[in-house]
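This report goes through one protein structure in short sections. Please look at the sequence and the 3D view before reading on.

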Amino acid sequence: MDFELRSDYIPLCDLLKYCGITETGGMAKMLIAEGMVLVDGEVELRKTCKIRSGQLVTGEGFAIRVV
């Protein structure tokens, strides 16, 4: 799916919540802490990593392209 960014960046945990990957921000933080989220092909463990336009966030069963 594509996510249209309306500011400079979005924290990774918020992106997962807004895209419906998780129901809550807490669930998103747990998914990230478990190493289940990749940013541009690399495991990302920082919950509030700044995701910017052009990046790809993936995991089991989802892919989010930030535009």
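The sections below cover the sheet, the salt bridges, the aromatic rings and the cysteines of this predicted model.

## The sheet

Five strands form an open sheet with mixed pairing, in the order β1-β7-β6-β3-β4. Its edge strands are β1 and β4, the latter being residues 42-43, and each of these pairs on one side only. In general, the strands of a sheet pair through backbone hydrogen bonds, in either a parallel or an antiparallel sense.

At one end of the order, β1 pairs with β7 in the parallel sense, over two bridges. Within this region, Phe3 stands opposite Val66 of β7.

## Salt bridges

How many salt bridges are there? The count is two.

One of them joins Arg65 to Asp2, with 2.8 Å between the closest N and O atoms. This pair links distant parts of the chain: Arg65 belongs to strand β7 (residues 62-66) and Asp2 to strand β1 (residues 2-3), 63 residues apart. Strands β1 and β7 are thus linked by this side-chain pair and are also paired as parallel strands. Arg65 is partly exposed, at 44% relative accessible area, and Asp2 is partly exposed too, at 46%.

Arg46 and Glu44 form another salt bridge, and here the closest N and O atoms are 2.8 Å apart. Are its two residues buried or exposed? Arg46 is exposed, with a relative accessibility of 52%, whereas Glu44 is buried, at 11%.

## Aromatic rings

The number of aromatic pairs in the structure is zero. One ring does have a charged neighbour: Lys50 lies over the face of Tyr9, at 4.8 Å from the ring centre.

## Cysteines

How many disulfides does a search of the whole structure find? It finds zero. Cys13 is in no disulfide, and the nearest cysteine sulfur, which belongs to Cys49, is 10 Å away.

Technical notes. Residues are numbered from 1 along each chain as its sequence is written. This is a predicted model: local features need pLDDT of at least 70, side-chain atom pairs count only at pLDDT 80 or more; totals for chains, interfaces and linings use all residues. Side-chain values use heavy atoms; hydrogens and water are left out. A salt bridge is a side-chain nitrogen of Lys or Arg within 4 Å of a carboxyl oxygen of Asp or Glu. Helices (H or I, at least four residues) and strands (E, at least two) are DSSP runs, numbered from the N terminus. Buried means under 20% relative accessible area, exposed over 50%, partly exposed in between (1.4 Å probe, protein chains only). Rings of Phe, Tyr and Trp (its six-membered ring) pair if their centres lie within 6.5 Å; planes under 30 degrees apart count as stacked, over 60 as edge-to-face and the rest as tilted. A charge sits over a ring if NZ of Lys or CZ of Arg is within 6 Å of the ring centre and within 35 degrees of the ring normal. Two strands pair if DSSP finds at least two bridges between them. A disulfide is a pair of cysteine sulfur atoms within 2.5 Å.
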